[in-house]
Amino acid sequence: MAMWDARGKTENVPLWHMLGGKCRDEIPLTEYFSFRNPGPNHPGESTPVEIARFCGEMIEKHDSKIFEGKLATVDLSTEIKMVREVRAAIGNRELRLDANGAWTLPTARRAIRALEPHDVSWYEEPVESYEEMAALRSVTSAGISSHQVNLRRAAELGAPDAIVTNVNELGGIAGAVEFIKSCELLDVGFRFHSGESGVASAVYLHLSATLEHVRDASQTLFRWYADDVIEGGPFSPVSGCVRIPEGSGIGATLDPRAFERCHQRYRDEGPFPSGQLGGGYGDSFQKT
């Protein structure tokens, strides 16, 4: 990423230009929700009603369009209530759910049947393996996505419908371009996933602008980030989108003061997630 950025700054052109041009200026992203521990600047959400209230606030403040929520962190009955409350709060906006592969196949079948009345468009990793995902076809017509990267197997099984991963896992910018083009050839969807710093996020925004196949909304936790090392801090979606970063290279610049601040946080608080930082998912995921 650094070398692509250096080339762009040397030639005074943005990354999207070096990759062959852009097909969109605004990148659609999801708004994330979950049970969350309290943090320094937010109270967290510990009940279904509080989570639904958070989603409503995101609509009022930012005109959020697509909501994606974390499942398999508390008991299923509570999560069904959470989804019901969220659906009431967001109206007819798109709703996606992510179980992080924590359910067994029987539990996934039971959960999806219970959640079906709430018009869920995508389930991310409701189960762990591609074979189990294919077995869920008889239960739901919703899309299924996975963080696991096995494109050949996805094409063979017809599941998952989309692979959701990041630039690092694909070996960098050139590797990501090659993989996404292969997804397009094999008719497997592709999205980027959450959890990226500002540098890598800037890169995947450029890639999303360049590659027509990344047309669906990618995941983001931008609203949850308390800090970042780039000038201007974390990106902030408006109406469910973030514009491509402006400027040459990747369009993001390190802020020396922010970098020092984040380095000191690392020294004081330890690696993320340490279990002590506010804004985490809460309980660890366990297969149920």
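Colleague: In strand 6, which residue is the bridge partner of glutamate 124?

Modeller: Strands of a sheet pair through backbone hydrogen bonds, in a parallel or an antiparallel way. In this predicted model, glutamate 124 has serine 145 of strand 6 as its bridge partner. The strands concerned are strand 5 (residues 122-124) and strand 6 (residues 143-146), which pair in the parallel sense over three bridges.

Colleague: What is the strand order of the open sheet?

Modeller: The open sheet has seven strands in the order 2-3-4-5-6-7-8, with parallel pairing. Strand 2 and strand 8 (189-192) are at the edges with a single partner strand each, so one side of each has no neighbour in the sheet. On average, neighbouring strands of this sheet are turned by 25° against each other, direction ignored.

Colleague: Now the aromatic rings. How many aromatic pairs does a search of the whole structure find?

Modeller: A pair of aromatic rings is described by the distance of the centres and the angle of the planes. The search finds six aromatic pairs. One of them is edge-to-face: tyrosine 32 and tryptophan 224, at 5.9 Å centre to centre with 90° between the planes. Tyrosine 32 belongs to strand 2 (residues 31-33) and tryptophan 224 to the loop between helix 9 (198-210) and strand 9 (241-243), so the pair ties together parts 192 residues apart in sequence. Tyrosine 32 and tryptophan 224 are buried.

Colleague: Why is the pair of phenylalanine 222 and phenylalanine 235 tilted?

Modeller: The ring planes of phenylalanine 222 and phenylalanine 235 are at 45°, with the centres 5.6 Å apart, so the pair counts as tilted. Both residues lie in the loop between helix 9 and strand 9, 13 residues apart. Phenylalanine 222 and phenylalanine 235 are both buried. Elsewhere, Phe179, Phe190, Phe192 and Tyr204 form one aromatic cluster.

Colleague: Is glutamate 45 buried or exposed?

Modeller: Glutamate 45 has 6% relative accessibility and therefore counts as buried, the cut-off for buried being under 20%. Glutamate 45 lies in the loop between strand 2 and helix 3. The side chains of glutamate 45 and arginine 36 are joined by a polar contact of 2.8 Å. Leaving aside neighbours within four places in sequence, the contacts of glutamate 45 are Ser34, Phe35, Arg36, Glu50, Ile51 and Phe54.

Colleague: Where is threonine 140 placed, and what does the side chain of threonine 140 reach?

Modeller: Threonine 140 is in the loop between helix 6 (130-135) and strand 6. The side chain of threonine 140 reaches the backbone nitrogen of alanine 142 at 3.0 Å. At 6% relative accessibility, threonine 140 counts as buried. With neighbours within four places in sequence left aside, threonine 140 is in contact with Ile112, Glu116 and Tyr123.

How values were computed: Residues numbered from 1 in each chain as written. Predicted model: local features only at pLDDT ≥ 70, side-chain atom pairs only at ≥ 80, totals over all residues. Heavy atoms only, no water. Phe/Tyr/Trp six-rings, centres within 6.5 Å; stacked < 30°, edge-to-face > 60°. Helix = DSSP H or I, 4+ residues; strand = E, 2+ residues; numbered from the N terminus. Buried < 20%, exposed > 50% of the residue type's maximum accessible area, 1.4 Å probe, protein only. Pairing = 2+ DSSP bridges. Axes fitted to C-alpha atoms, helices over the stretch in contact; angles between N-to-C directions. Polar contact = N/O pair within 3.5 Å; in protein donor to acceptor, adjacent residues only side chain to side chain. Contact = heavy atoms within 4.5 Å.
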